[in-house]
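Here are my notes on this one, written as numbered points. Have the viewer open while you read.

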Amino acid sequence: LILYGVETLFAAEQVQITSEELIINKSDYTAIFEENVLLIFEDMKLSTSKLIIHYSDASNKKEIKKIVIQNKLKAIRSKENEIIVADSGEFDNIQKS
């Protein structure tokens with residue numbers, strides 16, 4: 001089990017990710033999480049089998065630029081009592097979309 005925490009561009013907020021496997025590619029600033037991936041952000045828990053983070057490394061402070069999920073995912077938002085299921089997903093933290 002791997003636990004990895006990175007800051008988002010929202011300075012005080014944290015994203016926590018756990019997975020069985022993590023591959024970090026420093027040449028293209030990606031982190032690939034595989035097998036039993038769980039992402040926790042605020043009141044949302046997202047589970048999938050593979051998740052790719054594109055990040056920047058300005059001043060040794062890793063910030064998420066984009067999150068890409070190329071396969072099925074399930075997200076649960078506890079405050080809104082909401083469940084989201086999708087075949088894939090992407091979040092661009094620069095464009096906020």
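1. In what order do the elements of the protein run from the N terminus on? They go β-β-β-β-β-β-β-β-β, and the tally is 0 helices and 9 strands. For the terms, helices (H or I, at least four residues) and strands (E, at least two) are DSSP runs, numbered from the N terminus.

2. Some bookkeeping before the details. This is a predicted model, in which local features need pLDDT of at least 70 and side-chain atom pairs count only at pLDDT 80 or more, while totals for chains, interfaces and linings use all residues. Residues are numbered from 1 along each chain as its sequence is written, and side-chain values use heavy atoms, with hydrogens and water left out.

3. On the overall numbers, 31% of the 97 residues of the protein count as buried. Buried means under 20% relative accessible area, exposed over 50%, and partly exposed in between (1.4 Å probe, protein chains only). The accessible surface of the protein comes to about 6200 Å², with 51% of that belonging to carbon and sulfur atoms; the areas come from the Shrake-Rupley method with a 1.4 Å probe. Take the contacts in the protein with a separation of 6 or more: 34% of them are between residues 24 or more positions apart. Contact here means heavy atoms within 4.5 Å.

4. Now the largest pocket, which holds about 450 Å³ of space. A pocket is an open set of points on a 1 Å grid over the protein atoms alone, where a 1.4 Å probe fits and protein lies on both sides within 12 Å along at least five of seven lines; lining residues have an atom within 4 Å of a point. The volume is the space filled by probe spheres set on the points, which are joined across faces, edges and corners.

5. Which residues lie nearest the centre of the largest pocket? They are Leu39, Met44, Leu46, Ile67 and Phe91, out of 22 lining residues. Strands E4 (30–41), E5 (44–58), E6 (61–69), E7 (73–77), E8 (82–86) and E9 (89–92) each supply at least two residues of that lining. By class, the lining has 14 nonpolar, 4 polar and 4 charged residues. In this scheme Ala, Val, Leu, Ile, Met, Phe, Trp, Tyr, Cys and Pro count as nonpolar, Asp, Glu, Lys and Arg as charged, and the others, Gly among them, as polar.

6. The structure holds 1 aromatic pair. Tyr29 and Tyr55 form it, edge-to-face, at 5.7 Å centre to centre and 90° between the planes. Tyr29 lies in the loop between strand E3 (21–25) and E4 and Tyr55 in strand E5, so the pair ties together parts that are 26 residues apart in sequence. The cut-offs: rings of Phe, Tyr and Trp (its six-membered ring) pair if their centres lie within 6.5 Å, and planes under 30 degrees apart count as stacked, over 60 as edge-to-face and the rest as tilted.

7. Setting aside residues up to four places away in sequence, Tyr55 touches Ile24, Thr30, Lys62 and Ile64, among others.

8. Phi of Tyr29 is near 55°, a positive value in a residue other than glycine. Glu35, in strand E4, also is not a glycine and has a positive phi of about 70°. Glu35 counts as partly exposed at 44% relative accessibility. Leaving aside neighbours within four places in sequence, Glu35 is in contact with Ser19, Glu20, Glu21 and Ser49.

9. Last, Ile17 in strand E2 (residues 14–19). Ile17 is buried, with a relative accessible area of 0%, and its C-alpha atom is separated by 8.3 Å from that of Phe33, 16 residues apart along the chain.
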